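Thanks, everyone, for making the time this morning. I would like to walk through one structure, beginning with the overall numbers and then turning to a sheet, a hairpin and a few single residues.

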Amino acid sequence: MNHPVRRDTVCLRFCVSAAIVATGKMDSSASGGKLLGFRQIAQEKLQHVFYSIPSEKDLIIEPALIKPLEHVCGASWLRKKGIDKIFKFDPKNPPPKRKQFVYFITSNLLTFKSVLDQISGYQSQTSGLLEPDIRSKQYHVLVLPSVLASFEHLLEEEGLHGIVELYNFHWDFLLLDESLLSLELPNVFADVFVRKDTTPLGAIAQSVRIFNLVMGKPHLVFSLGENAEKILQMVQRMEANKPRTGVAAGKENSKPEPPVEKEPEYAAMLILDRDRDYPACLLTPVVYCGLLLEIQTLNSGSLVVDGDSNKIKSGKLAFLQQTSQEQPQASTHQEATSLRMSGAQDMIYLEHRYRHFSEVISLLSSQAKTLGLEGKAYSREMKLHEMKDYVTNKLPKVAAAKKELFKHLRLCETIVEEIGANFEKHQMIEESMLTNTNRKQIMNYILELLSSDAHKYNTLRLICLYHVTIGLTGEDMTRLMTGYLTAFGYRHLSVFHSLFQARLFPDTTNLSKTKILSQISIPTLKTPFQIEANKLKQLPTDSNDSVPTATGAGSTDRDGGLAGGVSAGGVAKSCPSYVFNGNYIPLVTQLTHMIFGAASFDQLNTRLGHLERLKVSGRVLEQGTHQAHGGAAPKTIKELSASSHKAALNQLFPFKEKTMFIFIVGGITYAEIAACHLLERTIGAKIVLSSDRIIAGHDLIESVVSC
């Protein structure tokens, strides 16, 4: 059996070489110019698959993959590569069989079973007496990101071996916005953090390896979390085995892969597990781009704009929706459209994406008035050539701007309707959780939500934030579970076990022990979360020692963390905590600032040496090291401070070029993106953020509930 993994390695070296050549021709000063090389790699890999399938073919694509594929290629590009017609995959309505079929699906066993059922249906329509020609297979299945072993077994069980050909395909990093990349891999958080299935980590490691090939391996690579460490170990093994690529392809004298010894584009890399900073995902953001994801679904950078349905409505109980469903009879149905959350394609979004939402409404209103005046600029007193110029040039631009502005106004209206009424009280409750105050008020608020305004995901999200920041006692856990199950049904009892697996909820099987601990707990003591967050200066409003009085808002304190940033009139925009209304600085932002702010490796050890899970590797540690498994093993900062590498590490600090590539395993939020981009402007750095998906807290909890 020809395994697809071996076939893919044949073209990988060529794809990367082509991308390096392409990026080399680009202007490095152009925004995101170098990052476009990943699109070139994806096109080369996809082209290799299509060229290996002779004759014309039809493409049947899983609907969830349509939007991400648009970042790789368009319909015209596909037709040039031999694709005749493109169909959406529908298990119940197969397209007519005309020629060869190429299915493009995710690595989901149920989806693959539906594909095989459809192929079996096609086969039953043809003569069963004909022996299938293995040399010219009529059915090809392209799997993102890789073919699972269970696919091979299912293929044989269905009796389609020799008729269906399987291919691996992974587009690696997709450039969604300036300095924002995504792998667009589904269910990574649920698979890795809930089911403890590390299969997706292999695809992430492969993408990180390609990043090193194209951009150069960074001098220092930081990893925080068990899964982040596993990814780097996989990358090291891949890099150690790369000389064997030519042998596997049957080419003993093939040219070696492009060297990675060139000066890296990014001086440092940080890979972080999602479970190392749950509050940055569970807290409600106040920036515009973050709130957009609180109400609508994002698919590969495209946001649904639908006035009739949103995340808030869909998650509430049916009887709570009855009053709102009776009113829209007088209003007209609004057709759903999409909004590209990209500054390069939407100037309104570019201008307002990182603003506090309260500012956005007034600014959009001013823009609407300005456009209204421009639309009325036509006058009968105009001369003929002025009228012609106005109708030809000015009017279409005004009409297009009004159309885009209308989308943003609709979204703002939805945010105000669905979130605005309870927003201030909700923010106050979240602040109490972060500072470990008003526990009784927090519990009463959550119980009130469960009894009067329960939301399937957001209420559970608040419960999880309570557990992560303060910790649930046995009595509180029982009350909250009872309230949630009463509202949504006892069939959701297994949800709490899934949350426990992801460290978002206590162990429900150990209630007796937690009850004893709750009787002796002292509410005035700081929780483990607060102790850790205070060490990293993440809580500007928690205590006086985290907000130096000698420095201004948003300045840097003597320990290297970002200072409080809460002024008398509100939240200073110079502090990344403004994304959460001045209450919290995301961990990824604070780590990046401390790394760039360290004047020496000893100072970095003082600031981050207490983080035992923070491991360091990279090119600077591999110099003079030749190991069978590729590079030096990652070590903690404390271990390195007492090693022979200390002198070489001290030469790197402070960083001459503050450039960093960040990857978060399990999803990144727009609040983290906004905070990092603010830091980028404040300290003059260049930060590229990436993840398997861009998510909101709603999406994180929904993925756990759906497990």
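What follows is a short tour of this protein.

Before the details, please keep in mind that this is a predicted model, in which local features need pLDDT of at least 70 and side-chain atom pairs count only at pLDDT 80 or more, while totals for chains, interfaces and linings use all residues. Residues are numbered from 1 along each chain as its sequence is written, and side-chain values use heavy atoms, with hydrogens and water left out.

Let me take the overall picture to begin with. The protein holds 31 helices and 18 strands, where helices (H or I, at least four residues) and strands (E, at least two) are DSSP runs numbered from the N terminus. Of its 707 residues, 53% count as buried; buried here means under 20% relative accessible area, exposed means over 50%, and partly exposed lies in between, with a 1.4 Å probe and protein chains only. The accessible surface comes to about 31,900 Å², and 53% of that surface belongs to carbon and sulfur atoms; the areas come from the Shrake-Rupley method with a 1.4 Å probe, and for residues only the protein chains shown count as cover. Among contacts with a separation of 6 or more, 78% come from residues 24 or more positions apart, a contact being heavy atoms within 4.5 Å.

Now to the sheet. Five strands form an open sheet with parallel pairing, in the order S2-S1-S3-S4-S5, and two strands are said to pair if DSSP finds at least two bridges between them. Strand S2 (83–88) and S5 stand at the edges with a single partner strand each, so one side of each is left without a neighbour in the sheet. On average, neighbouring strands of this sheet are turned by 20° against each other, direction ignored. Within it, strand S3 (residues 100–106) and strand S4 (residues 139–144) pair in the parallel sense over 6 bridges, and Phe101 stands opposite Tyr139 in S4. Helix H5 (residues 109–125) packs on the sheet, touching strand S1 (57–61), S3, S4 and S5, and its direction makes about 165° with that of S3. H6 also packs on the sheet, where it touches S3, S4 and S5, and its direction makes about 175° with that of S5. For these angles, axes are lines fitted to C-alpha atoms, for helices over the stretch in contact, and angles run from 0 to 180 degrees between N-to-C directions.

In the loop between helix H6 (149–157) and strand S5 (164–168) we find Glu158. Is Glu158 buried or partly exposed? At 28% relative accessibility, Glu158 counts as partly exposed. Leaving aside neighbours within four places in sequence, Glu158 is in contact with Lys113, Leu116 and Asp117, and its C-alpha atom is separated by 9.1 Å from that of Lys113, 45 residues apart along the chain.

Next comes the hairpin. Strands S6 (residues 174–177) and S7 (residues 180–182) pair in the antiparallel sense over 3 bridges, and the bridge partner of Leu174 in S7 is Ser182. The hairpin has 2 residues between the strands, and Ser179 takes a positive phi near 60° there.

I will end with Gln530, in helix H24 (residues 528–535). Gln530 is buried, with a relative accessible area of 1%, and a polar atom of its side chain lies 3.1 Å from the backbone oxygen of Leu434.

How values were computed:
A polar contact is a pair of N or O atoms within 3.5 Å; within protein, one must be able to donate a hydrogen and the other to accept it, and residues adjacent in sequence count only if both atoms are side-chain atoms.
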